[in-house]
Amino acid sequence: MSSVAPMVRIRGLRKSFGDHVVLKGIDFDVQPSQVVVVIGPSGSGKSTFLRCCNGLERPEGGSVEICGRTLVRDGRMLADRELDALREEVGMVFQSFNLFPHLSVLHNISLGPRKLRGLSRAAADDEARALLDKVGLAQKADAMPASLSGGQKQRVAIARALAMKPSVMLFDEPTSALDPELVGEVLQVMKMLASEGMTMMVVTHEMDFAREVSDLVVMMDEGVIIEAGPPETIFTSPTQDRTRLFLQAVLTRGT
Ligand code: ADP
Ligand code: MG
């Protein structure tokens with residue numbers, strides 16, 4: 001029997017900035033519908049890891065495959081046109097929302113499908129309205145981003161990423177910039193996506209989310225994955241002292 005191909009397959013991934021080696025050879029697979037939470041101290045390479053998975057960074061070694069298609073091989077990336085096509089398979093949500101400030105909420109979502117999926121304005125707007133409804137913001141279609149709360153902006157950013165019909169969604173600390181009372185509404189949307197079977201990689205310090213929603217927790221330190229396992233294992237009996245110390249620090253931060 002052939003096993004299901006991984007949605008994301010990473011081998012020997014290396015990335016430096018100048019002579020600072022940030023990723024030191026990462027091997028990792030994400031299976032379809034798996035929710036992977038990436039944890040680790042600041043500067044350990046979590047963002048760089050995610051950014052290498054959608055071509056935002058150019059690694060100098062290793063390979064990245066998305067849905068069986070090669071994004072990077074031997075440190076060489078696809079040509080730009082193919083890269084754009086493959087990037088559509090990988091949605092990304094950042095800490096800082098990155099909405100277009102001069103476009104309405106609806107147009108923030110419909111722009112990508114019109115430009116890159118070739119949808120008519122009417123079709124793209126219809127899809128955008130359905131996505132807004134899904135993230136609980138149907139009434140905000142005509143609002144401008146500046147009028148939204150951080151939690152609402154982030155839900156729009158998620159809808160915008162989903163509008164490209166990605167196979168994988170990457171989240172880089174999606175709730176870290178939010179006031180505490182707005183974190184829950186964003187995590188709720190992410191939980192819904194997980195329950196619908198979306199494949200997700202999430203960098204977050206929200207350990208309750210990791211515990212409840214993730215299939216796998218990956219601990220990074222100094223550019224390597226030092227351990228990975230189901231949340232119940234990582235949170236109760238990590239094999240690495242660095243993981244234990246990191247979790248202690250995060251969990252006792254006091255909220
Ligand atoms: P994390 O997300 O775990 O905090 P990052 O991936 O953002 O870690 O960064 C890892 C290391 O790479 C840090 O030391 C950071 O300063 C460095 N780094 C990240 N991006 C750049 C860049 N564009 N230029 C130079 N150094 C960078
Ligand atoms: Mg980061």
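**Close-up 1. The residues around ligand 1 in this predicted model.** Helix α1 supplies the largest share of the shell, with three residues.

**Close-up 2. Side chains that meet oxygen atoms of ligand 1.** For threonine 48, the distance between a side-chain N or O atom and an oxygen atom of ligand 1 is 2.5 Å. On its own, ligand 1 would expose 560 Å², and the protein buries 59% of that area. Two elements, β2 and α1, each give two or more residues to the shell.

**Close-up 3. The one aromatic pair found in the whole structure.** How are the rings of phenylalanine 28 and phenylalanine 49 arranged? Their centres are 6.3 Å apart and their planes meet at 75°, so this is an edge-to-face pair. Phenylalanine 28 belongs to strand β2 (residues 20-30) and phenylalanine 49 to helix α1 (residues 46-52), so the pair ties together parts that are 21 residues apart in sequence. Are these two residues buried or exposed? Phenylalanine 28 and phenylalanine 49 are both buried.

**Close-up 4. Arginines placed over phenylalanine rings.** Look for the charged end of arginine 160, which sits over the ring of phenylalanine 100 at 5.1 Å from the ring centre. In another part of the view, arginine 211 lies over the face of phenylalanine 235, and here the distance to the ring centre is 4.6 Å.

**Close-up 5. Serine 33, a residue with a positive phi.** Serine 33 is not a glycine, yet its phi is positive, at about 70°. You can find serine 33 in the loop between β2 and β3 (35-39). With a relative accessible area of 39%, serine 33 counts as partly exposed.

**Close-up 6. Phenylalanine 97, with a positive phi in a loop.** The phi of phenylalanine 97 is near 65°, a positive value in a residue other than glycine. Where does phenylalanine 97 lie? Its place is the loop between β7 (90-93) and α3 (105-116). Phenylalanine 97 has a relative accessible area of 14%, so this residue is buried.

Terms used
Residues are numbered from 1 along each chain as its sequence is written. Chains are lettered from A and ligands numbered from 1 in the order in which they are written. This is a predicted model: local features need pLDDT of at least 70, side-chain atom pairs count only at pLDDT 80 or more; totals for chains, interfaces and linings use all residues. Side-chain values use heavy atoms; hydrogens and water are left out. Rings of Phe, Tyr and Trp (its six-membered ring) pair if their centres lie within 6.5 Å; planes under 30 degrees apart count as stacked, over 60 as edge-to-face and the rest as tilted. Helices (H or I, at least four residues) and strands (E, at least two) are DSSP runs, numbered from the N terminus. Buried means under 20% relative accessible area, exposed over 50%, partly exposed in between (1.4 Å probe, protein chains only). A charge sits over a ring if NZ of Lys or CZ of Arg is within 6 Å of the ring centre and within 35 degrees of the ring normal. A residue is near a molecule or strand if one of its heavy atoms lies within 4 Å of it. A polar contact is a pair of N or O atoms within 3.5 Å; within protein, one must be able to donate a hydrogen and the other to accept it, and residues adjacent in sequence count only if both atoms are side-chain atoms. Accessible areas come from the Shrake-Rupley method with a 1.4 Å probe; for residues, only the protein chains shown count as cover.
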